[in-house]
Amino acid sequence: MSAAQRRESGAASLVNLAPRHKVGLTLANPVLLAAGVVGYGDAVLPGLALGRLGGFVTAPVTRRPWREALPQVAETTGGLLWQRGLWNPGVRVVVRDYGPLWRRSRAPVIVHLAGDDPDELAAVAATLEQTPGVAGLELDLLTPYQDEAGGLEEAAEQALAVRSAADLPILARVPLSTSDEAVQALVERELIDALVLAQPPQGLRYRPADGLAATGHLHGRALAPLLAARIAELAGWVGLPLVACGGIHSLEDALACLAVGAAAVQIDTALWVDPLLPERIVEALEG
Amino acid sequence: MTLTAVLTERTELGQGLLLRVQARPELLACRPGQFLLLRCGPDWTPYLRRALFPVDAGHDSLVFWIDSLADEGIAWLSRRRVGDVLDLIGPLGKGFALQAQQRRLLLVGQAAQVAPLLALMQVQLSRQGSVVLLLQAPTAAALLPPGALPPSVEYYTATDDGSAGSADALDSLLGEVTPWADALAAAGSPAFLRQVQRRIAATRPEPYRGFAQAVAPVPLPCGSGACLACLVDTGRGHHRACQRGPVFDLAELVL
Ligand code: FES
């Protein structure tokens, strides 16, 4: 249902991101914040009304503390490269420090699981299932240009491990380059409840003046049309809710993704520049 | 909350510009060492907001001194005209803390990062304290002109090219003035702050925790605690400068 249809039907902006799941993941509106842009819900600029939004996805959580290369941000033209890594204190500390905040949160909290090892993912998922306030889980499946067969098996194992460990809705975030065949294979296995498009692509910025190069995940406005195009391609036949994530920097960007078939949108680093953007989108959708 | 402020004055000062903006009380509450985030235009280029440290706050206005026009965002700000509206968020972070008994304040900085020190200078003068400012810059032209400072401030300079005090002057000045001071505030690059740390340790045999504070030399891209690009090593873990700082006890900074 497009945003306009939603308004006309009087269904306000209610959206269920996990209609196949027995509990579901019902959001008051289809405006989410992407993984990590408000940390664990603690990193909020003044003016951002988190409770008005459909929900937010946390920064990554691993089983054990992950503190490797220091995170970096490098500005690019119209965007940035964010080299965040999986920096986090481990699930036990995350739950201890932020669990109370999640319990009180008016906006549903979706925790972003990180790591490759299915056992580790399962352990984190099991802990989170016991944590009040966690409404769903998001995990990255596949990597760009991953060997389809091997990559799919690995992704399926990871999703199965999480599914077996926790009875929470699962959002799978995949690369933009994921083929139709790979998407279909993931969907057919019935291990995920919604598909998030897309993992931010890897970028590199080189400065000729000093010869310095910076790498990281690319965020920026130029990604919005790419995202809308892929959502439009998949919307007709993927039987799962699609969540548009990346490049959304305006009401128009959000409406475009919703119009071509996204069930919800995730705002990413645009939030740091325009913290009122998500609420403006919510208000526009509510008419 | 994103708040608007109006540019009311724009004056050349040294190599830079002094900008006065009329602002709402929420922004005027910015204490020395705290910062505001400026949106550099509506076009997402430059993309990120820029952290600005006011050099002074009046009853209805804030003053900024910008000199680093090499940065695209600051260059954008330098092109604003009187009457233009600025989009600011803040105040953010934790600033300097001066105790009532700290009467003799030594400020040590590099010119490009001096703004939060100037704000602290104003606070110290307003409570009739004494201030010495040691400023280092690549050249004399990059220094703050002496006429821009209140006459009661003792001002010493060091420049890399020797045009206004030799490059070594900073170290010897620090050695001379540190014993006089009962509080020190610093701002500069990691190498600069390491030099200050070494000098203090050599001059004050007792542990200097509580004596010296510094603005952590890290970028502040998001200001919210999310990006982690501002992590600071305190020897007891990493902390987000935009949340626990950007002002830290200099003794605890691992640079
Ligand atoms: S500036 Fe982004 S976490 Fe501190």
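1. Basis. In this predicted model, local features need pLDDT of at least 70, side-chain atom pairs count only at pLDDT 80 or more, and totals for chains, interfaces and linings use all residues. Residues are numbered from 1 along each chain as its sequence is written, chains are lettered from A and ligands numbered from 1 in the order in which they are written, and side-chain values use heavy atoms, without hydrogens and water.

2. Strand 7 of chain A. Five of the five residues of strand 7 (residues 109–113) are buried (under 20% relative accessible area, with a 1.4 Å probe and protein chains only). A:Val109, A:Val111 and A:Leu113 point one way, and A:Ile110 and A:His112 the other way. Helices (H or I, at least four residues) and strands (E, at least two) are DSSP runs, numbered from the N terminus.

3. Partners of strand 7. Strand 7 of chain A runs parallel to strand 4 (residues 55–61), joined by four bridges; A:Val61 stands opposite A:Leu113. Pairing requires that DSSP finds at least two bridges between two strands. Five bridges join strand 7 to strand 8 (residues 134–140), also in parallel, and A:Leu137 is the bridge partner of A:Val111. The chain passes from strand 7 to strand 8 through helix 3 (residues 118–129) in a right-handed β-α-β crossover (clockwise from the first strand over the helix to the second, with the strands pointing away from the viewer).

4. Strand 13 of chain A. In strand 13 (residues 242–245), A:Leu242 and A:Ala244 on one side and A:Val243 and A:Cys245 on the other are all buried. Strand 10 (residues 194–199) pairs with strand 13 in the parallel sense over three bridges, with A:Leu195 opposite A:Leu242.

Note on methods: Buried means under 20% relative accessible area, exposed over 50%, partly exposed in between (1.4 Å probe, protein chains only).
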